[in-house]
Amino acid sequence: MTGRMIATQTMLSSFRSCRRACEWRYVHQLVPLEENAVLHFGSVIHRALEVWHRDRHLDRALAVIDAAYVNRAADASERADWSNARAMMRGYAARYPTEEFEVICLEKVFEGPIVNPATGAHSRKLAFAGRIDGIVRLERKYFVLETKTTARIDEAYLEGLWISHQPVYYSIFAREVLGIPVVGILWNVLEKARLQQGRGETDEEFARRRADLAAKNKSGTTRASKWLPESDESFQARLAEKYANPAMYHRLPILLDMDRVDEVKRELWELTQAFNDARRRSAFYQNPAFCFHHGRPCAYLPLCRSGGNPALIENAYRRVEPHEELRERPAEQAPPVEPGAVPAF
């Protein structure tokens, strides 16, 4: 792959959503100084689950979470995410004390050629790489293990899993690069509790509430007392009760459909060709529909509004080489598989 730029699912998803945002990240190599707390939480859970699936040792998995939130004593938001992550991990371990599958490899990094399905030619400018959460053997068949944390496990979310590109990409390269005869995807979904730790009242809030209550009382007085912040112990107990519910976890196996695989191969080729064209012509156009996706402003919206103001870049962003997810941990050795030819797609 020497001399080829690396494409990942994250990069291509960004290019699909907004080419300008993709340019800021993958061409100019800019990331916001302030880390996205939702993405960070998901990454922490992934690392903890890697330890759990490898060692089946809960304390080691919890230690991963502890190490990710070192400022929790002073930062209430960080402490809340730490409590949530620990409760989720404990609940997951209780939900799946034993596994029906055998782990073949975890957090496996791969890199392979992007192939034109019509001609068999390899792209001269791009190669595809990724990190697979895991590959497991279930009933003597191999599955890509794809883990997701989400705010809600409902019918709409589960329907969306059937059309997700990422695990299909990974299944293709697991077969063609790693030589593992993957037949499907095993989705492993964890719902993040939306509980909030009670923060109590400020003196001003209590004074206003007390005055309102007194005004409604004929005597003009009230015995109301100030609401105090919820203790960490109380909050963690509520989280533990929430994560004891089996509905917070969902497993969904999906077998690969060969027509779907062929379609994804064609889309991968076309999408990477479109990226190459945009890079050649410096034509990364903004998608205004993505500026407030999911009700939140895009991390690069300030840059788009300012036309890439150098002062803004200096003060609100930092330069990080793309695909840091591939460098997070050293690559494992290629895992052993049962002998036999890998069926061709």
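**Ground rules.** I number residues from 1 along each chain as its sequence is written, and side-chain values use heavy atoms, with hydrogens and water left out. Because the model is predicted, local features need pLDDT of at least 70 and side-chain atom pairs count only at pLDDT 80 or more, while totals for chains, interfaces and linings use all residues.

**Ring pairs.** I looked up rings of Phe, Tyr and Trp (its six-membered ring) with centres within 6.5 Å; planes under 30 degrees apart are stacked, over 60 edge-to-face, and the rest tilted. That rule gave me twelve aromatic pairs. One of them joins Phe-128 and Tyr-169, tilted at 55° with 5.2 Å between the centres. Phe-128 belongs to strand 4 (residues 122–138) and Tyr-169 to helix 7 (residues 166–176), so this pair ties together parts 41 residues apart in sequence. Helices (H or I, at least four residues) and strands (E, at least two) are DSSP runs, numbered from the N terminus.

**Burial.** I used a 1.4 Å probe on protein chains only: buried is under 20% relative accessible area, exposed over 50%, partly exposed in between. Phe-128 is buried at 0%, Phe-173 is buried at 4%, and Tyr-169 is buried as well.

**Cluster.** I found Phe-110, Phe-128, Tyr-169, Tyr-170 and Phe-173 linked by ring pairs.

**Charges over rings.** Here NZ of Lys or CZ of Arg must be within 6 Å of the ring centre and within 35 degrees of the ring normal. Lys-192 has its charged end over Phe-41, 4.1 Å from the ring centre. Arg-251 sits over the face of Tyr-96 at 3.7 Å.
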